[in-house]
Amino acid sequence: MSSYQQELARVVAVQNIEYLRRAYAKATDLIGLADQESVQAGRQIYHRIFSPDVEFTISGEGTDAIQASGPDGWVDVVAEALAPLGPTQHLIGTQLVEIQSLDLDANGSPHSGQAQMESYVQAWHEMTDEKVWLFLGTYLDEVCFYPDVGWQITNMELRRVTGEIRPIGESVAVAVKA
């Protein structure tokens, strides 16, 4: 296999790994809607992007040390955290993937691999008192390739960087005019 084919396989792997976090953002926003159909749709995405034995941790100043296991365990954490809020939007920014190993078959397709991914997040959470909670953080993921499944996150740490609560709607416009 040529070095070009190997590099192409690495590029495709990086893109597939990055899409895990993007799908996560969509799933989390669905779970935040808190209706049964949306939560189930988010749960299905979590089962696709996370390994069955995935471990989760939340860390950083101003957070409770939360841990969970398995995709369903994380659905429970997310649902409990977002249910009292209104709509959310998780925006994934900078993503850096470091392939640690990538074993290819004779056709150039992966049959095993490991990687680490770092992704920045800005999460906007509408609150019931006409305020928005802005959460800034970093996801630190360990990712593995499984035959017949593809890339999945096997360990996720959500590290809080900072955050704030801001007024939304007319209160912002009034403050700007003053």
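Q: What makes strand 4 and strand 5 a pair?
A: They line up in the antiparallel sense over 14 bridges, with strand 5 covering residues 131–146. Two strands pair if DSSP finds at least two bridges between them, so 14 bridges make strand 4 and strand 5 a pair. One spot to look at is Glu118, which stands opposite Leu140 in strand 5. In the hairpin of these strands, four residues sit between them, and Glu130 takes a positive phi near 55°.

Q: What kind of model is this?
A: It's a predicted model, with residues numbered from 1 along each chain as its sequence is written. Local features need pLDDT of at least 70, side-chain atom pairs count only at pLDDT 80 or more, and totals for chains, interfaces and linings use all residues, while side-chain values use heavy atoms, with hydrogens and water left out.

Q: How do you know that strand 3 and strand 4 pair too?
A: Run the bridge test again: strand 3 (residues 88–104) and strand 4 (residues 110–126) share 14 bridges, again in the antiparallel sense. Gln89 has Trp124 as its bridge partner in strand 4, and Ile99 stands opposite Ala115 in that strand. Five residues lie between strand 3 and strand 4 in their hairpin, where Gly108 takes a positive phi near 85°.

Q: How many helices and strands does the protein have?
A: The tally is four helices and six strands. Helices are DSSP runs of H or I with at least four residues, strands are runs of E with at least two, and both are numbered from the N terminus. Along the sequence, the pattern reads α-α-β-β-α-β-β-β-β-α.

Q: Why are helix 1 and helix 2 called roughly antiparallel?
A: Helix 1 (residues 3–32) and helix 2 (residues 36–49) pack at about 155°, with axes 7 Å apart. The axes are lines fitted to C-alpha atoms, for helices over the stretch in contact, and angles run from 0 to 180 degrees between N-to-C directions. Angles under 35 degrees count as roughly parallel, over 145 as roughly antiparallel, 65 to 115 as roughly perpendicular, and the rest as oblique. The angle for helix 1 and helix 2 therefore lands in the roughly antiparallel class.

Q: What makes up the contact of helix 1 with helix 2?
A: The contact (heavy atoms within 4.5 Å) includes Leu20, Ala23 and Tyr24 of helix 1, and Ser38, Val39 and Ala41 of helix 2. By class, the residues divide into 11 nonpolar, three polar and three charged. Here Ala, Val, Leu, Ile, Met, Phe, Trp, Tyr, Cys and Pro count as nonpolar, Asp, Glu, Lys and Arg as charged, and the others, Gly among them, as polar.

Q: What makes helix 2 and helix 3 oblique to each other?
A: They pack at about 140°, with axes 9 Å apart. The oblique label therefore holds for helix 2 and helix 3. Val39, Arg43, Tyr46 and His47 in helix 2 meet Pro71, Asp72, Trp74, Val75 and Val78 in helix 3, a set that divides into six nonpolar, one polar and two charged.

Q: Why is the pair of Tyr24 and Phe50 called edge-to-face?
A: The whole structure holds eight aromatic pairs. In this one, the ring centres of Tyr24 and Phe50 are 5.9 Å apart and the planes stand at 80°. Rings of Phe, Tyr and Trp (its six-membered ring) pair if their centres lie within 6.5 Å, with planes under 30 degrees apart stacked, over 60 edge-to-face and the rest tilted. So Tyr24 and Phe50 make an edge-to-face pair. Tyr24 sits in helix 1 and Phe50 in strand 1 (residues 50–59), 26 residues apart.
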